[in-house]
Amino acid sequence: MHLAQLNIAHLRAPVDSAELAEFVALLEPMNDLADRSPGFVWRLKESDVDPTATVVHDYGDHLLVNFSVWESRDALWDYVYRSGHLDVLRRRKEWFHRVAEPYTVMWWIPEGDLPSLDEAMRRLERLRTEGPGPEAFTFKDSYASSEAANLPAAAEARK
Amino acid sequence: MSDDDLQALGLLQDPVRRSLYDAVAAGGGEVGRTEAAQAAGVSRTLAGHHLDKLVEAGLLESGFRPQERKGPGSGRPAKVYRRAAGDRSVSLPPRDYVSLASVLAEVVDELGAEERAERAARGAGRRLAGRHGGEPVESVLRGRGYEPYPDDGVLRMRNCPFHVLSHEQPLLVCSMNLALCQGLLEGLGDDPGRARLDPRPGECCVTVSKTNDN
């Protein structure tokens, strides 16, 4: 099984504004770092040629979407918290609004599957309304892939 | 305090076992029998006996490293040892600061009070330095369990003294740890800018540059 993760951020200003310029400049090095990290499988890209292009979606303005697939929870954790990404994460308040509800969700997928952004947003909604479970969880309340396999709820969320 | 912890730590009273444990810990990764034996100044056979005792007690973990030469005659894979990941602690009377720290860290996170926490950590670092006037930062860090070692012109730290918390609240705890190290440098009359975050899996996230220029 592979681990899919969505995280969303509410931008303080439009992505092409001066306030976000430093953040946009960090997109390419951070994405490169992710792509080269052990255990990285896939991430949703808006463009194959423009590394600063953020994912365009229908879920509201100023909502930044990061959606990726990893071989394991530890591989993703090491990228997020044990790489140059940590120092960028520390600056999140400069660019993003603080939100009280969960802004990140993860779940297990069969290897080779590429989940859709729609499904990811439904999983996040599920986490927000029902709390963590094997089909929608976070680093803090994570579930092993064995706990998520063959869950009827997983099929339900995919619909 | 668990009896297991006490028993495991009791094994380190033996000076040979202690130096073998230290040799494996200082290796930072997998250390072979021969290497550990040399560092401890004992025979390979004796080293193997004691290393396996440390594995049994859960202080070390063992594995096998394949021989570099492949094919017939290349020999069996070499047995290697590394420090076990779990913590061992003994406290008399029993104390449990980690559970409380974990709750407090959660509250700081919920309040979004990271900056306040970092300021407090920097102050704590400065106060710690007061007890170590004139000492180089490397020895103060070593005394606090960071296990510093030189690497490519910087001082890296093999051990994170806040390991459990740094996994629960990495953003908060690693930022506080950085602030603590910066406060420590400041308190020692040194340049706080020498301490930076350069995280790697399995180590402390803070590095200290030789001077602020590199």
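## A loop residue with positive phi in chain B

B:D152 is placed in the loop that links β4 (148–151) to β5 (154–157) of chain B, where helices (H or I, at least four residues) and strands (E, at least two) are DSSP runs numbered from the N terminus. Although B:D152 is not a glycine, its phi is positive, at about 55°. The residue counts as exposed because 7 other C-beta atoms lie within 10 Å; on this scale a residue is buried if 20 or more other C-beta atoms lie within 10 Å of its own, exposed if 12 or fewer, and partly exposed in between, with C-beta atoms placed from the backbone. Most residues other than glycine have a negative phi, and most peptide bonds are trans.

## Model and confidence

This is a predicted model, in which local features need pLDDT of at least 70 and side-chain atom pairs count only at pLDDT 80 or more, while totals for chains, interfaces and linings use all residues. Residues are numbered from 1 along each chain as its sequence is written, and chains are lettered from A and ligands numbered from 1 in the order in which they are written.

The model has an ipTM of 0.87 and a pTM of 0.89. For chain B the average pLDDT (the predictor's confidence in each residue, from 0 to 100) is 92, and 94% of the residues score at least 70.

## Overall form of chain B

Chain B holds nine helices and seven strands, and its C-alpha atoms fill a box of roughly 60 × 45 × 35 Å along the principal axes. Of its 214 residues, 28% are buried. Among contacts in chain B with a separation of 6 or more, 58% are between residues 24 or more positions apart, two residues being in contact if their C-beta atoms, placed from the backbone, lie within 7 Å.

Chain B is divided into domain 1 (3–83) and domain 2 (114–209), with bounds that come from an automatic or database domain assignment. The centres of the two domains, taken over C-alpha atoms, are separated by 29 Å.

## The three-stranded sheet of chain B

In chain B, three strands form an open antiparallel sheet in the order β1-β3-β2, where two strands pair if DSSP finds at least two bridges between them. The edge strands, each pairing on one side only, are β1 (31–32) and β2 (60–65) of chain B. β2(B) is joined by six bridges to the antiparallel strand β3 (residues 78–83) of chain B, and B:L60 has B:R83 in β3(B) as its bridge partner.

Helix α2 (residues 15–27) of chain B packs on this sheet and touches β1, β2 and β3 of chain B, its direction making about 85° with that of β3(B). Helix α4 (residues 44–56) of chain B also packs on the sheet, touching β2 and β3 of chain B, with its direction at about 120° to that of β2(B). For these angles, axes are lines fitted to C-alpha atoms, for helices over the stretch in contact, and angles run from 0 to 180 degrees between N-to-C directions.

## Buried elements of chain A

Helix α2 (residues 73–81) of chain A has as its buried residues A:L76, A:D78, A:Y79, A:V80 and A:Y81. These buried residues pack against β1 (2–10), α1 (21–36), β3 (63–70) and α3 (85–89) of chain A, together with α9 (170–187) of chain B.

Strand β4 (residues 104–109) of chain A is largely enclosed by the rest of the structure, because five of its six residues are buried. Six bridges join β1(A) to β4(A), and the two run antiparallel; the bridge partner of A:H2 in β4(A) is A:I109.

## Contact between the chains

Nine residues of chain A are in contact with ten residues of chain B. On the side of chain A that touches chain B, α2 and α3 of chain A each supply at least two residues, and α3(A) gives the most, with three residues.

## Other local features

A cis peptide bond with omega of about -10° joins B:L92 and B:P93, and B:P93 is in the loop between β3 and α5 (97–111) of chain B. In chain A, A:H62 has a positive phi near 65° and is a residue other than glycine; A:H62 is in the loop between β2 (40–43) and β3 of chain A.

B:K210 lies in the segment after β7 (206–209) of chain B and counts as exposed, with 11 C-beta neighbours inside 10 Å. Leaving aside neighbours within four places in sequence, B:K210 is in contact with B:G153 and B:V154.
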